[in-house]
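Subject: Structure handover

Hello,

Here is the structure I promised to pass on. Please open it alongside this note, and read on for what turned up.

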Number of protein chains: 2
Amino acid sequence: MNSSEKIYSGKTKDLYALENGNVLLVFKDDVTGADGVIDPGANTVIGQVEGKGRKSLAMTDYFFKRLHAADVPTHLVNLDLEKGTMEVRRAEPLGKDINGTGGFEFVCRTRPWGSFIRRYQQYIRDTEQKFDNLVEITVKDDERGDPLINDDTIVALGLLSPEHLAKAKDITRNVCRIVEADLRGLGLTLIDMKIEIGLIDGEVVVIDEISADAMRVMDEAGKVLEHAKVYEKLIG
Amino acid sequence: MNSSEKIYSGKTKDLYALENGNVLLVFKDDVTGADGVIDPGANTVIGQVEGKGRKSLAMTDYFFKRLHAADVPTHLVNLDLEKGTMEVRRAEPLGKDINGTGGFEFVCRTRPWGSFIRRYQQYIRDTEQKFDNLVEITVKDDERGDPLINDDTIVALGLLSPEHLAKAKDITRNVCRIVEADLRGLGLTLIDMKIEIGLIDGEVVVIDEISADAMRVMDEAGKVLEHAKVYEKLIG
């Protein structure tokens, strides 16, 4: 690969600066979790699962194609499933902090679950209630438990223009609808998912990946599937 | 007083149902805090301060008159500074939970401070930066540390219509501007404050109280004033 400088080593991916100005994402087999249990939401790498990186990449490939078909832009230039790498345009992550790191996570929910139920339990009469792709935006900040941030604050802190914020939320709902529809076709239900969004030349685009690691999916019996199962169902 | 039934005993006020359908608020001298230090944001009553209830009431009287002059509606019917009581129309607090208790707090900030800085420190380059009355909405829930809730969630959970939510946020900003202007006239700066809002016959109105307990104020030297000082400056 014509990569030169490693610019970032993340929990599940390494990033290299390419000579053409793009960035190469190298998907790793590392999995995060706590107490020996795999949890993609956790912040500690607890081991490796053979082939996991390539599966995340294959699923990203699958969904990015679906997004492009629906005119939802992403940062993808090309990818190599064999090598487990993806070349992307260099984007500025929305919600980047004053040190140039971090960013927002755009969470999309089709029903109350997990932390949402814990936070708002006094309002939830019916955990079966459906949301029309409810968006929450959180700040990547392991130490503070990824605090929620509201739209007014995002604008007041000058982190996003109202137009870019509205666009990013639209994109989040669109991605959520596409993933939800595809899973439904397999008899599965999307509960919630999260994506990252960035700016490239002023355009709001989906960045990072769309993988089972960043979504909660249940089967027809209402059982939440392990991520390995979701990969199996979607990409074999 | 023609009160009959005590319907609620709060940390700083008791509520009685009146025969005419209204509610009587009886302001108490109890103060909340932790480790012997008075903190109106705390959830434990640590003692009493002689005359404190009447001061909160007098300040509420002062600001409610200012709100009415600015066409911002409140639940006030009449008040008795001697007795330390306020008669109000019966309102449905915005953000009331499924048990009919709790509610939202509408927080208004003119600059980053306190929990806001802790949550979003990675975005705050300049703690002197000004906000044009930034609104955050939190859920009264001592156990969970009053979680933040975003506009989309409030609507998705059916807690408020988009129209009532917009109106409530407008009212919050208006109240904040009025309080800010009055304090500025005394050489003081409002940092942040919170109010409660309710519905009476479909109308969005300010409820509860507007007292120094629910605001953070600093003097010209940038020192945050004790609440007793704020009372002294505003109502003598």
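The largest cavity holds about 60 Å³ of space. Keep in mind that this is a predicted model. The structure has 1 cavity of 30 Å³ or more.

What lines the largest cavity? From chain A come Val135(A), Glu136(A), Ile137(A), Ile149(A), Asn150(A), Asp151(A) and Lys169(A). From chain B come Asn150(B), Asp151(B) and Asp152(B). By type, the lining divides into 3 nonpolar, 2 polar and 5 charged residues.

Two elements each supply at least two residues of this lining: strand E11 (134-139) of chain A and helix H3 (151-156) of chain B. E11(A) gives the most, with 3 residues.

Now the sheets. Chain A has an open sheet of 3 strands in the order E5-E4-E6, with antiparallel pairing. Its edge strands are E5 (37-38) and E6 (45-48), and each pairs on one side only. Strand E4 (residues 30-34) of chain A is joined to E5(A) by 2 bridges. Within that pairing, Gly33(A) stands opposite Ile38(A).

Chain B also holds an open sheet of 3 strands, with the order E5-E4-E6 and antiparallel pairing. Strands E5 (37-38) and E6 (45-48) of chain B have a single partner strand each, so one side of each is left without a neighbour in the sheet. Here, 2 bridges join strand E4 (residues 30-34) of chain B to E5(B), and the two run antiparallel. Which residue is the bridge partner of Gly33(B) in E5(B)? That is Ile38(B).

Best wishes

Definitions and conventions
Residues are numbered from 1 along each chain as its sequence is written. Chains are lettered from A and ligands numbered from 1 in the order in which they are written. This is a predicted model: local features need pLDDT of at least 70, side-chain atom pairs count only at pLDDT 80 or more; totals for chains, interfaces and linings use all residues. Side-chain values use heavy atoms; hydrogens and water are left out. Two strands pair if DSSP finds at least two bridges between them. Helices (H or I, at least four residues) and strands (E, at least two) are DSSP runs, numbered from the N terminus. On a 1 Å grid over the protein atoms alone, a cavity is a set of points where a 1.4 Å probe fits but cannot get out, and a pocket is an open set with protein on both sides within 12 Å along at least five of seven lines; lining residues have an atom within 4 Å of a point. Grid points are joined across faces, edges and corners, and a volume is the space filled by probe spheres set on the points. Ala, Val, Leu, Ile, Met, Phe, Trp, Tyr, Cys and Pro count as nonpolar, Asp, Glu, Lys and Arg as charged, and the others, Gly among them, as polar.
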